[in-house]
Amino acid sequence: MKKVHVSTTINGDPYEFLCAPDESLLDVLRDRLGLTGSKEGCGTGDCGACSVTLNGRLVCSCLVLGAEAEGAEIATIEGMADGDDLHPLQQHFIDHAALQCGICTPGILVAARALLEKNPDPTDEELRYWLAGNLCRCTGYDKIIRAVQAAAAEMRGA
Amino acid sequence: MSLDEYTRREFKQVGTRVRRPDGVDKVTGRAMYGADATAPGMLVGRILRSPHAHARVKGIDTSAAEALKGVKAIITGADLPAQEDEFIRDVQDNCMARDKALYDGHAVAAVAATDAATAKAALKLIKVDYEVLPHVTDVDAAIQPGAPVVQSGRTLENVPAGMSENVTSHSEFGHGDPAEGFARADMILERSYRTAATHQGYIEPHACLASYASDGKADLWCCTQGQFNVRTLCAAIMEMEASQLRVTASEIGGGFGGKTTVFIEPVALALSRKAGRPVKIVMTRDEVFRATGPTVHTSTDVKIGMTKDGRITAAEATLRYSGGAFPCGTVDMGAQAAFAAYDLDHVRTYGWNVMTNRPKEAAYRAPGAPQSIYAVEATLDELCQHFGLDPLDVRLKNAAKKGTKSSYGPTFPDIGLTATLEAAKAHPHYSAPLKDGQGRGISCGFWFNFGGNTCVSLNVNTDGTVGITEGNPDIGGSRASISLMAAEELGIPYDRIRTIVADTSSLGYNDVTDGSRVTFAVGLATIKAARDAIGKMCGRAARIWGIDPEAVEWKDGATVPAGPNAGKFPPMTLAEIAAVSAETGGPIAGHHEVNADGAGVSFGVHIVDVEVDRDTGATKVLRYTVFQDAGKAVHPSYVEGQMQGGAVQGIGWALNEEYIYGKDGRLQNPGFLDYRVPVASDLPPIDAVILEIPNPGHPYGVRGVGETGIVPPLAAITNAVCRSAGVRLHELPMSPPRVLKALAG
């Protein structure tokens with residue numbers, strides 16, 4: 001199958017790649033561009049471990065084609081920290097022990113940031129429903145909710 | 001007194017909530033998990049799986065697939081050696097079927113190709129000639145004489161003649177004379193229960209990268225709970241010496257017991273050997289569900305006699321567990337755990353293992369215990385309702401304590417059950433008012449805990465920092481706990497220590513990260529390795545000071561003269577001793593190797609409030625509190641995390657999760673959409689209350705905490721649903737259709 005040439009922007013940097021027409025954005029990120037921070041837990045859009053934003057919209061990158069990235073702005077976990085400065089969500093995840101194995105963490109951080117950009121002061125219920133598409137099997141979500149709320153409070157104050 | 005024994009002390013660092021050393025890597029996407037490794041020249045491996053629940057493999061034609069451009073190697077069961085050892089043979093045959101496919105999803109062939117698309121295309125070109133055989137996937141059906149036989153000749157001598165060949169083993173535990181005890185009861189209740197198989201549901205699918213070189217040496221990178229066990233199994237299957245196979249554990253994206261064995265690793269090694277290139281295999285989620293370890297599915301009968309004031313006079317349980325298509329010992333643990341929480345004069349449990357055409361069971365958090373304790377705790381609750389007794393009072397009245405001869409044999413040392421029950425009773429949750437239609441349930445939980453083979457090196461660096469090399473993959477923050485214990489013992493700050501998980505060439509054999517053993521056993525070995533290093537540092541100071549080593553002791557991170565007779569010298573800190581180590585005898589390191597026992601059992605009690613929607617049958621969990629004895633919580637946040645995570649896995653088991661097989665014997669729901677694990681919006685906050693009743697078998701009193709938490713939710717929610725909806729269910733999960741059916745009577 002002839003490959004597609006794609007020009008895109010990832011975490012603010014320009015990227016070009018060739019991919020098969022049926023290749024997912026997640027496979028492109030992981031296997032072609034070496035951005036392995038986005039994880040594949042299911043490949044069917046059920047677990048959220050591959051969450052990225054595409055033109056500001058939260059998506060499962062396993063359900064997006066690499067070809068759809070043409071001309072788009074993509075944000076992944078690799079672009080979340082500002083150099084050595086962690087994003088408040090990242091810092092609070094560490095401080096609140098909101099991760100155990102950590103495999104779901106990149107997707108949850110990307111999803112939580114997308115929520116806080118729309119709604120800086122979510123209720124716990126809004127937060128729990130927003131994150132319902134991100135499975136975590138280790139924590140029972142309790143510390144994740146607390147960490148996101150602590151980060152949200154800090155970001156509102158900043 | 002042995003150094004293994006607990007001595008009371010004031011902790012300076014243990015018990016604090018420090019930042020975990022792998023935190024930044026894991027929140028930035030930098031951490032390397034199983035699927036994240038690559039190697040030059042790497043091929044992609046894919047596995048062909050049986051679509052049949054039970055079929056004889058009469059032949060496999062790989063010629064068309066081999067002819068496909070880009071295909072570099074194909075293997076089938078014939079490429080792996082015939083194994084004499086029964087245990088290894090089962091592991092190998094589960095990775096790649098030999099003569100028969102034993103379940104839907106059983107591997108029958110594998111391909112390595114230059115890319116994923118080619119590998120996938122090659123799988124479609126492999127022709128397998130199957131003779132489809134009758135199958136059985138239900139434990140109660142498989143036990144019947146005349147049921148389709150999954151494997152012949154696997155039955156142990158302790159199984160009476162005349163039973164189905166699927167029944168492979170029998171076990172019995174207990175003491176006293178139940179008949180005598182039942183005669184003294186005011187009420188005897190007999191109930192039967194069934195639990196569905198559930199999956200560990202780790203978010204990271206199994207993944208590995210194997211590189212087998214032409215000189216017979218191999219490297220394997222994989223996500224596993226135990227790289228040493230992977231080496232043992234793969235070396236046996238590949239007929240290699242252990243020294244020639246180096247296994248490195250990646251960061252691991254959850255395991256819960258499911259990554260304590262091998263599924264794809266020997267396949268990747270065999271493909272790599274055949275192709276002469278590195279091979280990476282990453283399972284799809286469908287493969288994870290169909291071919292990796294679910295739990296046993298079970299059917300249990302319980303009989304409990306009780307006096308009207310709540311004393312249990314006798315108890316019996318008969319457990320029928322199926323661990324899938326191979327013999328499985330999990331029922332023994334279920335039979336031992338069933339009544340472990342109670343001080344009983346007359347108790348007996350009987351376990352039967354039954355084979356079915358399902359995937360080979362793998363451990364899942366307290367394997368075997370949730371199912372049997374569910375049946376016991378639900379029956380007890382029904383007796384409490386019958387007599388109008390408070391369920392916590394009844395547990396307190398019967399609770400096992402120090403000196404109790406446990407239902408599985410050993411006599412308990414100091415244990416925390418009574419304290420845990422009392423904490424639950426005193427907690428505001430237990431007395432909080434409920435609204436109409438809401439119900440509250442409780443249950444006890446128990447796990448044995450494990451110690452096991454452990455080997456730790458502790459290296460004192462010349463700049464005064466410390467490196468710890470241990471051999472157990474860190475799933476939930478154990479590197480932080482191990483560094484904390486070393487910091488405490490050495491008397492240096494936590495952040496001057498870095499703990500790493502080493503490959504199999506770097507240490508002696510370490511048992512798998514299982515049995516809630518790591519903080520206990522690796523912690524114990526780390527403390528002793530630190531004491532070994534301290535002894536050596538005291539020797540160095542003695543040499544510098546020109547006094548006897550016995551005249552030097554360790555205090556607050558420094559050597560000091562032991563008493564006035566030793567002479568007057570200013571303390572030398574660890575950093576000062578390390579800085580001059582080249583002049584005093586060379587590098588300083590401490591080691592400890594142990595097969596640890598004294599793990600110390602862990603008890604828990606859960607309280608849950610639920611509300612059942614009578615129109616939809618859905619159960620909403622409103623409030624949840626976990627009480628558990630941690631012995632000593634080294635890092636309280638990660639102890640709470642284990643309690644919360646275990647509870648939520650148990651909630652999923654109680655309400656939603658199940659392996660659903662069709663009449664064709666195929667798994668109907670091999671994906672997260674249809675196998676529904678709890679999501680954030682399903683749940684309330686999970687409050688965790690840590691009790692600390694020191695384990696006499698650990699220097700700091702630590703008990704494992706990883707597993708007990710999954711045990712109580714099954715019965716606690718059953719009991720709460722009964723008190724909310726007025727109907728008692730005897731089968732898990734209590735999915736909405738099942739609740740609606742119960743409500744309809």
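Start with the sheet in chain A: 5 strands form an open sheet in the order 2-1-5-3-4, with mixed pairing. Strands here are DSSP E runs of at least two residues, helices are H or I runs of at least four, both numbered from the N terminus. Strands pair if DSSP finds at least two bridges between them. This is a predicted model: local features need pLDDT of at least 70, side-chain atom pairs count only at pLDDT 80 or more, and totals for chains, interfaces and linings use all residues. Residues are numbered from 1 along each chain as its sequence is written, with chains lettered from A and ligands numbered from 1 in the order in which they are written.

Pick V6(A): its bridge partner in strand 2 is F17(A).

Now go to chain B. Select helix 15 (residues 478-490) and helix 16 (residues 518-545) of chain B. They pack at about 30°, with axes 9 Å apart; axes are lines fitted to C-alpha atoms over the stretch in contact, and angles run from 0 to 180 degrees between N-to-C directions. The two helices of chain B are therefore roughly parallel, a label for angles under 35 degrees.

Finish at the contact of the two chains. It takes 43 residues from chain A and 42 residues from chain B, where contact means C-beta atoms, placed from the backbone, within 7 Å. Helix 2 of chain A gives the most to chain A's side, with 4 residues.

Notes: Contact = placed C-beta atoms within 7 Å. Parallel < 35°, antiparallel > 145°, perpendicular 65-115°, else oblique.
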